[in-house]
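Subject: Structure handover

Hello,

The structure we discussed is below. My notes on it follow.

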Amino acid sequence: MPHEPQTLDAEAVRTWSTLALAALGRAREDIDAINVYPVADADTGTNLYLTAESADRALDDAFAKVTEGTASASLAHAVRAWAHGALVGARGNSGTILAQLLRGVADVLAGEPQEAGPGAVAPGASGTGPSRTGPSGTGERGAGVLLARALTRAAEEAYAAVSHPVEGTMLTVARAAARAGEATGAAAGTAADVARAAYDGARAALAETPGQLAALGRAGVVDAGGCGLVAVLGALWQALSGQEPAAEPVRGRAVPVPQTSDPCEQEEDGPAYEVIYLLEASDAAVGELRERLDGLGDSLVVVGGDGLWNVHVHVDDPGAAVEAGVVAGRPYRIRITHFGDERRRGRGERAQRAVVAVVPGEGLAGLCGEAGATAVLVRSGEVPAAAELLDAIRRAHAREVVLLPGGSELRAAAAAAAEQARAEGVRVAVIPTRSAVQGLAALAVHDPEGSFDEDVVAMTAAAGATRYGELAVAERQSFTSAGICQAGDVLGLIDGDVAVIGSGLAETAEAVLERMLGSGGELVTLVLGPEVPDTVAERLEAYVQHGHLAVDTVTYRGGRYSAPLLIGVE
């Protein structure tokens, strides 16, 4: 819809974000369909949309907080919030690069002086000192120079974030847009003029990408990430000019895309996994991380700064990629995706039913993956946002989804994700699992061939029939339902409440098992944390066998981020 043109201020950024999100939403399926590089997994449009959605949500939150006070949002405040939202919510290779592009824009626009007004940035002068926008002067022409510099910085930072830049990709489109914007800015163009030049330059560069990258030429498509960037730059021009970019439909697409056979039928060589995580680390540590990850795989992109980074890499050993992050700092919001699942989705093969499980441990995530579930890996004590659960439901790419949240604290996020997925046409059932062992019990009886309702009833019954226990180490003196504990004590929890306080892991676990088996049981599940020795499992198995001859025991390794010990009794 047409709207009034805007100056380069906080409201313009908000409008740009809204229009970019809408444009990516409209183009998402078309962009997914032409995604062949670096992996033909048909998710570039979705990743760009989810990244823009996270950025837009952060920007809305920033405006809401400012509204509660007396001052209006400044341009610096808006662009920083927008870029940060993209950083923490970046998805995939393309989304990670988009996040760095927005950071580059923010680095320039947030560094400019402010006018004494309702959040507007000075288009060419600080109000009290000389202009900082260059020789083009002040007013709209100065704002044009400022925007041109921002687009140039964005392209430079995006290239620097990618370990091995490849031409014919989103990077090429970004650089062409920046160069076109620079030329217009140098010719005393307004911000709207610069935006239009950047948009036109990007469209021209996008049309050339099939001749620059062999994979695109073979498939007869333009670069998917570049196509998304064109949509974002079109939204920028629309925000500043009030004019809506005219679509050039070719089989429903807004850019020329000469399509041949299914682009996802290209060769599938390369690493098997995509690993993404946020990382808190120093600049020096991230430099070493880049070198380490570069030796593990390809498509390495590390974006961010000021202690917070988003890491993206394709590898065959996802555990090693996560381990590298642990060495560098504190990784979290870890997402590991097997490209086999993504390629199936890329071919449009929607499964009838899938299971999404939230699990606190790499070993548990692998176990769920082997059982065919889509795992959402979290650290102990962390609660994933509804957007993360919704993303997992979308990645499952099924008509019906069973969601296992694995904790009562996730109930609200799971309900919100399920509601949104239902609005998108997916039938979703949330089974109120309160522990990972209840999720394992539910997954064990999952029947993808049966009816959805019967499957949900059986999984719910299996989860409900499983008592769950956990062992943790007290961090400080505290009052519990079992008495006062001291720092270092081992706490034995049953169904979420502290039932036993002990000094040793094995002894406390035996006491917990005795209480849990007091009311009967047929199967004991033990999930060991990464630092718990095998001897503890052997001791507990022997304890169960000696005192409860009819009870079987199975043991799994929870892996990194899991609790010291999880216990399930069915």
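The buried residues of helix H6 (residues 170-186) are Met170, Leu171, Thr172, Val173, Ala174, Ala177, Ala178, Gly181 and Gly185. Buried means under 20% relative accessible area, with exposed over 50% and partly exposed in between (1.4 Å probe, protein chains only). Helices (H or I, at least four residues) and strands (E, at least two) are DSSP runs, numbered from the N terminus.

This is a predicted model, in which local features need pLDDT of at least 70 and side-chain atom pairs count only at pLDDT 80 or more, while totals for chains, interfaces and linings use all residues. Residues are numbered from 1 along each chain as its sequence is written, and side-chain values use heavy atoms, with hydrogens and water left out.

The expected span is 1.5 Å times one less than the number of residues. Just after H6, Ala188 has a positive phi of about 70 degrees.

Thr152, in helix H5 (residues 139-161), counts as buried because its relative accessibility is 14%. Apart from neighbours within four places in sequence, Thr152 contacts Ala178 and Glu182; contact means heavy atoms within 4.5 Å.

Glu400 belongs to strand S7 (residues 398-404). With a relative accessible area of 10%, Glu400 is buried. Residues up to four places away in sequence aside, Glu400 touches Gln352, Arg353, Ala354, Arg427 and Phe452.

Regards
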